[in-house]
Amino acid sequence: MNTSIDLENEFLAMQGNLKSYLYRVSGNKLDSEDLLHDTFLRVNDKIGTFKGQSSFKTWVFAIATNLARDNQRVKRRWELDAQDKCKEYTMSNVDCQKRLISSFHSQKIHSFGIEEHINYCFTCIAKNLKLEQQIAIILKEFYNFKRQEIANIIDKTEGVVKHLLHDARNQLQTRYENRCAMINKNGICYQCAELNDTLQGISDSAAKIQKYGFSQENSSRTNLDIRFKLINKINPLESNGANLEDTILQLLREAIEDK
């Protein structure tokens, strides 16, 4: 065993980020918990093979990522209209609506965080990307890994990672530009505003959204960077609206899996 690593304390120090990463990749809280547990067991088993050729954090994230890749729900890509199906499914099912309202009222603060829903929206749209694109963009934009570190995590060359990040950004920009009504007035999706006004009973979504700075006059890159900046402020497992957003993800999975 590599005695230079205080395994439990080192793992504990990164556990929060690691779990939120696995949640972003899987879109499933139970899966993220199982993957976190399995990662610790694998790290404990393989610690003697750690040679310090990368940081311990990078090595652990590589193990977690490999385990996640084997998860069937992580592998599964979502169609771009998954959110639309979730809306239709919820609107047609009274029990689903009750679950949504109950989750909202369970919050300590009865306010709808549109920025939190932007985080949920990213999770959904990113699962429309190829898996390696999704993993690469999440590692870079929300966990501050450099390209070479991402290459070590996903076992690719730095050149491949550069292309993955470039393609992922371009595809995300196009998807948001075409779908999001906050950017494109003809966009099909305005769920953040609809949920905000419905759950709160107050029509203040327009004022909330205006402060973010999204605009058709911005470049698509700028609008994507605004999203990333907002998402970076959100812990998807611990924010005020974490349970609500997880309920929405549950409903989405039920809708696309026809349960």
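How many disulfides does the count come to? The count comes to 0 disulfides, where a disulfide is a pair of cysteine sulfur atoms within 2.5 Å.

## About the model

This is a predicted model, in which local features need pLDDT of at least 70 and side-chain atom pairs count only at pLDDT 80 or more, while totals for chains, interfaces and linings use all residues. Residues are numbered from 1 along each chain as its sequence is written, and side-chain values use heavy atoms, leaving out hydrogens and water.

## The cysteines

A disulfide is a covalent bond between the sulfur atoms of two cysteines. Let's look at two cysteines here. For Cys-86, the closest cysteine sulfur is that of Cys-124, and the 7.9 Å separating the two sulfurs is too far for a bond. Cys-180 has its closest cysteine sulfur in Cys-192, at 6.1 Å, again too far for a bond.

Both side chains sit in buried residues: Cys-86 has a relative accessible area of 3%, and Cys-180 has 10%. Buried here means under 20% relative accessible area, exposed means over 50%, and partly exposed lies in between, with a 1.4 Å probe and protein chains only.

Helices are DSSP runs of H or I with at least four residues, and strands are runs of E with at least two, numbered from the N terminus.

## Helix α6, face by face

Helix α6 spans residues 94-105, 12 residues in all, and reaches 17 Å from its first C-alpha to its last, close to the expected 16 Å. That expected span is 1.5 Å times one less than the number of residues.

Which residues of α6 are buried? They are Cys-96, Leu-100, Ser-103 and Phe-104. Down the axis of α6, these buried residues fall within an arc of 105°, so they line one face of the helix; the arc is that of the directions from the helix axis to the C-beta atoms. An α-helix has 3.6 residues a turn, so residues three or four places apart point the same way. The buried residues pack against α5 (82-91), α11 (191-200) and α14 (242-256), whereas Val-94, Asp-95 and Lys-98 are exposed on the face turned away from the buried side.

## Three loop residues

Asn-71 lies in the loop between α3 (56-69) and α4 (72-75) and is buried at 15% relative accessibility. A polar atom of the Asn-71 side chain is 3.0 Å from the backbone nitrogen of Val-74.

Asn-144, in the loop between α8 (131-143) and α9 (147-154), has a phi near 60°, a positive value in a residue other than glycine. Asp-155, in the loop between α9 and α10 (158-179), also has a phi near 60°. Asn-144 is exposed at 64% relative accessible area, and Asp-155 is exposed at 68%.

Technical notes: Contact means heavy atoms within 4.5 Å. A polar contact is a pair of N or O atoms within 3.5 Å; within protein, one must be able to donate a hydrogen and the other to accept it, and residues adjacent in sequence count only if both atoms are side-chain atoms.
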